[in-house]
Amino acid sequence: MFYRICCCVLLLLAIKPRSSLQIQFKGNAFFQIDEDTNIGTKIGNFTVIRGEKEAPFQIISTTNFVTINTTNLDNSLGLAVDVFLNTKLDTDYGKSWYDLTFEAVNSQTTQNGKFHILVNDVNDEVPEFKNRPYSVTVKEDAEVNSVIYTKIDAFDPDTNDAKTYILSTDKYSPFSLDTNGKLHLVAKLDYESQTFYQYIVTVKDEADHTATAEVFIKVEDVQDTPPEFYRDSYSFTILENSPQGTLLNPAVQARDGDR
Ligand SMILES: [Ca+2]
Ligand SMILES: [Ca+2]
Ligand SMILES: [Ca+2]
Ligand SMILES: [Ca+2]
C-alpha cells in the first residue's frame with residue numbers, strides 16, 4: 001500500500017508541467033551604465049517568450065530602481081522588455097553593483113528572472129578642502145627654498161582623480177605652492193617690511209571642477225635688526241656754570257630696528 005502511494009506522488013511530480021517561459025538576454029544578463037546616467041534613460045532590454053501552449057503572461061518588476069516597458073513580439077508568443085533607470089546613481093557615496101529581479105507571471109506559473117547593473121564611476125564630484133582654515137606662521141628668518149606648510153589638501157572621492165593646487169601669488173610673492181599643495185618660501189622675508197600675507201588657493205580636478213580656500217600667512221619677528229640713533233650726530237652747548245643735573249637738549253635717543 002505504502003509503495004503505491006509513493007509511486008503516485010512521484011508520478012504527479014514527473015508529469016507536473018514545467019513552465020516553458022524563457023528569458024532571453026543579449027549576451028549576459030548584465031547592463032553597464034555610467035554614474036551620471038539620467039533618470040528615464042533606457043539602460044537595457046531582454047525578451048521573455050512562451051511556448052504555444054503556455055498562457056499569456058505579464059512582466060512585473062520587483063524594484064523601483066528601474067521601470068520596465070513591455071511590447072508584444074511579432075509572433076505574440078512573448079514580450080520585449082525595455083528597462084529604464086528610475087534612480088539617481090552615485091558610485092562615490094553609494095553602490096556600483098545592483099542585482100535586480102523581475103517576475104514573469106501567468107495563470108499557471110511565476111518565473112523569476114535576474115539581471116545585474118554595473119555602474120561606472122564618472123568624474124562628477126568637486127574636490128573639497130580639508131584641514132581648514134589655512135593659517136600659517138613663519139619666522140622672518142626662515143630658510144629660503146624650504147617647505148613651510150604641508151596641510152593644504154583636498155578630498156575628491158572619484159576614482160584615480162588627480163588634483164592640482166594653485167596659489168594666487170604674483171611674481172613678487174615670497175611664497176610658492178607646488179602642484180601637490182606644499183607651500184615653499186622662495187624669497188627672504190622681512191617682518192619690518194610686511195607682517196601678513198593673504199592668498200586664495202584653488203584646487204582643480206581632472207574634469208576642471210574647482211574649489212577655493214583662503215590662506216593666511218603671518219610673519220613672526222626675529223631679533224635681526226640692530227638698534228639705531230635717531231640722529232647721525234648730536235652736539236650740545238652748555239654754560240660752564242650750569243648746575244649738576246641740567247638736561248641737555250636734544251635728548252640722545254635710539255630705536256631698535258625690530259618692532
Ligand atoms: Ca558621484
Ligand atoms: Ca564619481
Ligand atoms: Ca572629481
Ligand atoms: Ca626683526
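Reply: The two calcium ions, ligand 2 and ligand 1, are 3.7 Å apart, and Glu 35 coordinates both. This is a predicted model, in which local features need pLDDT of at least 70, side-chain atom pairs count only at pLDDT 80 or more, and totals for chains, interfaces and linings use all residues. Residues are numbered from 1 along each chain as its sequence is written, chains are lettered from A and ligands numbered from 1 in the order in which they are written, and side-chain values use heavy atoms, with hydrogens and water left out.

Donors here are N, O and S atoms within 2.8 Å of the metal (3.2 Å for Na, K and Ca); water is not among the atoms, so sites may look incomplete. Val 122 sits in the loop between strand 8 (110-120) and strand 9 (128-130), and Asp 158 in the loop between strand 12 (153-155) and strand 13 (164-167), so the pair ties together parts 36 residues apart in sequence. Strands (E, at least two residues) are DSSP runs, numbered from the N terminus. Val 122 counts as buried at 18% relative accessibility, as does Asp 158 at 4%. Buried means under 20% relative accessible area, exposed over 50%, and partly exposed in between (1.4 Å probe, protein chains only).

Asp 124 is partly exposed at 29% relative accessibility, whereas Glu 125 is buried at 16%.

Conventions:
Helices (H or I, at least four residues) and strands (E, at least two) are DSSP runs, numbered from the N terminus.
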